[in-house]
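Subject: Structure handover

Hello,

Please find the structure below. My notes on what was found in it follow.

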Amino acid sequence: MLDDDEQLQPSDAAIRHLVRRLLAEPDRWALFLDIDGTLIDLAVTPDAIQVPLSLTANLSAVSSRLGGALALVTGRSLAYADELFSPARFPIAGLHGAELRAVDGGTTVARATPAFSELKHRLVKETAWMEGVLIEDKGAAIAAHYRLAPALDTALEKIMRDFAEKAGPDWTLQPGKMVFEVRPSRASKGDAVASFLEQAPFSGRLPIAVGDDLTDESMFALANARGGQSIRVGSLSHATCALARASSPSAIRTALATVAAGEPAASGVAAAR
Ligand SMILES: O=P(O)(O)OC[C@H]1O[C@H](O[C@H]2O[C@H](CO)[C@@H](O)[C@H](O)[C@H]2O)[C@H](O)[C@@H](O)[C@@H]1O
């Protein structure tokens with residue numbers, strides 16, 4: 001476990017502005033946060049991530065400040081993401097929007113069919129020769145990571161495209177950071193944000209979507225369309241429709257810590273206008 005006290009960078013003007021808005025008008029905003037690469041630094045493998053000590057407490061405090069209008073929207077399975085922030089439990093969408101637990105606890109689940117499970121089984125065999133490729137079985141979705149085998153990206157993409165085609169229209173290929181996933185096609189992260197916005201305490205608020213990857217583009221588009229804010233974290237590896245940028249997950253954690261504390265900290269949040 002890490003703790004995190006990094007300061008905002010000069011390029012984090014949008015984050016400073018966001019902090020001021022959240023502190024000034026906490027009843028106006030709803031916050032939708034991606035996890036990997038947004039709240040948590042990327043790691044070489046999916047299980048090597050580290051949740052900074054203060055993050056869960058700060059998320060809980062920000063959620064309270066916003067009257068509970070904070071949700072996690074992740075490509076991880078809902079169960080895995082819950083564990084990361086246990087004992088806190090936030091409204092959450094998993095598997096890129098296919099799984100959802102609303103504020104009232106009502107849960108939408110996504111299940112693998114026998115045919116999908118058979119394809120997953122075959123994928124493990126088919127990629128066994130690909131040294132460094134890591135298969136992450138998420139139940140109704142599967143991810144093939146090549147961060148440790150970057151030269152295999154093209155070969156792996158072809159395998160995952162074939163997988164998605166064989167899986168049929170209920171699944172789709174989702175490229176990401178050094179990963180190809182096959183996920184349920186029926187819901188995106190944007191759909192999940194739209195669904196949250198129909199429920200109290202999210203309804204009537206302006207959405208702020210924060211993310212770092214291709215899968216987050218649908219929630220950026222939704223937030224923009226609803227008159228909210230969208231923030232792309234980290235270096236730009238692809239075109240984005242996000243309206244603003246943040247330098248790193250550390251900048252997002254600093255912003256959350258500042259909002260949790262309830263007043264602009266000495267990190268420069270107050271000084272920037
Ligand atoms: O929507 P997110 O919460 O950002 O989840 C997206 C995917 O994140 C994970 O993979 C990414 O993070 C790993 C850990 O840092 C990294 O090793 C990998 O290269 C990244 O692609 C996760 O493993 C996937 O299941 C999520 O869909």
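Domains and overall shape

The protein chain is split into domain 1 (13-109 + 187-261) and domain 2 (114-184); such bounds come from an automatic or database domain assignment. This is a predicted model, in which local features need pLDDT of at least 70 and side-chain atom pairs count only at pLDDT 80 or more, while totals for chains, interfaces and linings use all residues. Residues are numbered from 1 along each chain as its sequence is written.

The C-alpha centres of domain 1 and domain 2 are 26 Å apart. Their contact involves 14 residues from domain 1 and 16 residues from domain 2, where two residues are in contact if their C-beta atoms, placed from the backbone, lie within 7 Å. On the domain 1 side, seven of these residues are nonpolar, six polar and one charged. In this scheme Ala, Val, Leu, Ile, Met, Phe, Trp, Tyr, Cys and Pro count as nonpolar, Asp, Glu, Lys and Arg as charged, and the others, Gly among them, as polar.

The protein chain has eight helices and 12 strands; these are DSSP runs numbered from the N terminus, with helices (H or I) of at least four residues and strands (E) of at least two. Along the principal axes, the C-alpha atoms fill a box of roughly 55 × 35 × 35 Å.

The core

Buried residues account for 45% of the 273 residues; buried means that 20 or more other C-beta atoms, placed from the backbone, lie within 10 Å of the residue's own. The largest nonpolar core has 72 residues, a nonpolar core being a set of buried Ala, Val, Leu, Ile, Met, Phe, Trp, Tyr and Cys residues joined through C-beta atoms within 7 Å. Helix H8 (residues 249-261) gives the largest share of this core, six residues. Both domain 1 and domain 2 contribute residues, so the core lies between them.

Ala 30 is one of the members that touch the most other members. Beyond its neighbours within four places in sequence, Ala 30 has contacts that include Leu 66, Ala 69, Leu 197 and Phe 202.

Regards

Key. Buried ≥ 20, exposed ≤ 12 C-beta atoms within 10 Å, placed from the backbone.
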